[in-house]
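Here is a short report on a pocket and the strands beside it. Please load the model and follow along.

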Amino acid sequence: MAVYFYGCITLDGYLATKSHNLDWLYETGSPEETSCDEFYNRMDITLMGRRTFLEVEKTGNPQTVYPTTENYVFTHRTLSCPGFTAVSEDPVKFVESLGQNRNIWVVGGNTILAPLLDQDMVDYLIVQVAPVLLGAGIPLFTQGEVLRRFQLDAVRQYGQFAELVYSRGNRTV
């Protein structure tokens, strides 16, 4: 099993504005300008929070966004969207229950990522940086204060995005 974070942040480290808005991202580029499709084809499972799922719902047809993976949404609300399963348990326990030999993508949400980082369960961080400064917003990293080291494996440019690929230990993507 490998756990990945793959996503985009601003130059000052934010996933979204304080009101969870992503317009800054949509106005900077598109997924077609990144390695997203190639990355997604290697994933078995996606994990996301409710707010990330709400962004996926805005596409009008969420099932087409992540059609080949098992998709789990961490929420206390019920979901009525085929292809997405609501999960209300602790992200660490849930990921431990998923078994081996599966690639897990933490799509968005520091409330999922932080506990996994706290337990040293994240194997790869693939962070795209957009040339945008928000000044405030929802930060990517909110884990506890513990030193975690990652190794830089690659730096790529996709349009206006810089992609940094990090792995834990001597692993490569």
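With five residues, α3 contributes the most to the lining of the largest pocket. The model is predicted, so local features need pLDDT of at least 70, side-chain atom pairs count only at pLDDT 80 or more, and totals for chains, interfaces and linings use all residues. Numbering starts from 1 along each chain as its sequence is written, and side-chain values use heavy atoms, without hydrogens and water.

The largest pocket holds about 1400 Å³ of space. Its lining counts 48 residues, and Leu 22, Thr 52, Glu 55, Tyr 66 and Val 107 are the closest to the centre. A pocket is an open set of points on a 1 Å grid over the protein atoms alone, where a 1.4 Å probe fits, with protein on both sides within 12 Å along at least five of seven lines; lining residues have an atom within 4 Å of a point. By class, 21 lining residues are nonpolar, 19 polar and eight charged. Elements giving two or more residues to the lining include α3 (50–57), β6 (103–108) and α5 (110–118). Helices (H or I, at least four residues) and strands (E, at least two) are DSSP runs.

Strand β6 is mostly covered, with five of its six residues buried. Buried means under 20% relative accessible area with a 1.4 Å probe, protein chains only.

Conventions: Points joined across faces, edges and corners; volume = space filled by probe spheres on them. Nonpolar A, V, L, I, M, F, W, Y, C, P; charged D, E, K, R; others polar. Buried < 20%, exposed > 50% of the residue type's maximum accessible area, 1.4 Å probe, protein only.
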